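Please load the model in a viewer and keep the selection panel at hand.

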Amino acid sequence: MAIGSGLGAQLGIAVESSYGTFVAPTKFVEFTKESLVLKKTTAQSSGIAAGRLMQLGSRRVVTQREAGGNLDMEVTNRGMGPLLQALMGTTVTPVQQGATAAYLQTHTLADTAGKSLSIQKGVPLTTGTVTDKSFVGCKIVGAEFSCGTGEMLAASWEIDAKDCSESETLAAASYTAMSPFHFGQMAVKTGSYGAESALDGVRKMSLKIERPQATDRFYAGQAGLKKEPITNDWVKITGSLEMDYVATTIDDLHTSDGSTSLVWEFVGPVIEGAHNETIRFKIPVIRFDDAPPTVDGPEIVRPTFNFTGLLDLTNPTAIEYLSADSTL
């Protein structure tokens, strides 16, 4: 029996081969909180019949079903591949680095058609019995990453799902040993693409990637369930840099509306040879939108610079993930 509280919960993920077809999870991730729920649309008959003072209970129907919510977690050195692939859109096969135990995943920005997940969560009753809620057709429509002084790298995934079932067999959770990326491993770099140099004074960084999709594709003949969402707007990449005002590098870019390449990376311990656990966000073109430095009092001047990521026709926007995971 599990612990009869949130401490007994579990969450497993599997890549789907077709949208909305359940795949039993083989990878289990650690999370801090989640809000995945079934959402149903109901209709109630309002037919009038002599003597009835209330609407008839037998004439309420469920016309549509869908699901979704958020999944919050610490970004770790293992197990992030399926989520990164569903966010970025490229089909990724980890590439072994030499003859070592290190494998590189390169998730470049692409359309997310065909990229969906089955997410099964186990929710414990107070008795210790863990109930199954299996979400199918899970599309990641947005993700936000952040890390500040003294913090771990955190991620919040926004998920749209086709349906939720409570009739699947709850998989037995098993966990690969994993460690979170954190502020002590963090570097923020700007400059020409491929020759970026580290910024001094950065205290916190956040990055948001939005994948707008038509999540309302409910058609006749689909039993009240949606078809796979389709990209229906520009990908939006935004973020912010909180920093001490140690130099005018970013301030000058804000003033001139000049562009720069951005690399945000976390480099952890050695996996093997010259290969370290790494997650690296690469945005070839960003421009700073607002928040030049202001003096609010006698303390150190600490501006927050907000930026927007834009398309570079030569170099791709990508997330690189170097780990010991030989498969997604």
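Select strand E14 (202-210), strand E19 (275-290) and strand E21 (318-323): each of them supplies at least two residues to the lining of the largest cavity. Strands (E, at least two residues) and helices (H or I, at least four) are DSSP runs, numbered from the N terminus. The model is predicted, with local features requiring pLDDT of at least 70 and side-chain atom pairs pLDDT 80 or more, while totals for chains, interfaces and linings use all residues. Residues are numbered from 1 along each chain as its sequence is written, and side-chain values use heavy atoms, without hydrogens and water.

Next, display Met88, Leu207, Ile209, Phe281, Lys282, Ile283, Thr317, Ala318 and Ile319, which line this cavity. A cavity is a set of points on a 1 Å grid over the protein atoms alone where a 1.4 Å probe fits but cannot get out, and lining residues have an atom within 4 Å of a point. Which strand gives the most to the lining? E19 does, with three residues. The space inside is about 30 Å³, a volume filled by probe spheres set on grid points joined across faces, edges and corners. The structure holds one cavity of 30 Å³ or more.

Now select the whole protein and colour by secondary structure: there are two helices and 21 strands. The C-alpha atoms fill a box of roughly 80 × 50 × 40 Å along the principal axes.

Finally, colour by burial. Of the 328 residues, 45% count as buried, meaning under 20% relative accessible area with a 1.4 Å probe, protein chains only.

Definitions and conventions: Buried means under 20% relative accessible area, exposed over 50%, partly exposed in between (1.4 Å probe, protein chains only). On a 1 Å grid over the protein atoms alone, a cavity is a set of points where a 1.4 Å probe fits but cannot get out, and a pocket is an open set with protein on both sides within 12 Å along at least five of seven lines; lining residues have an atom within 4 Å of a point.
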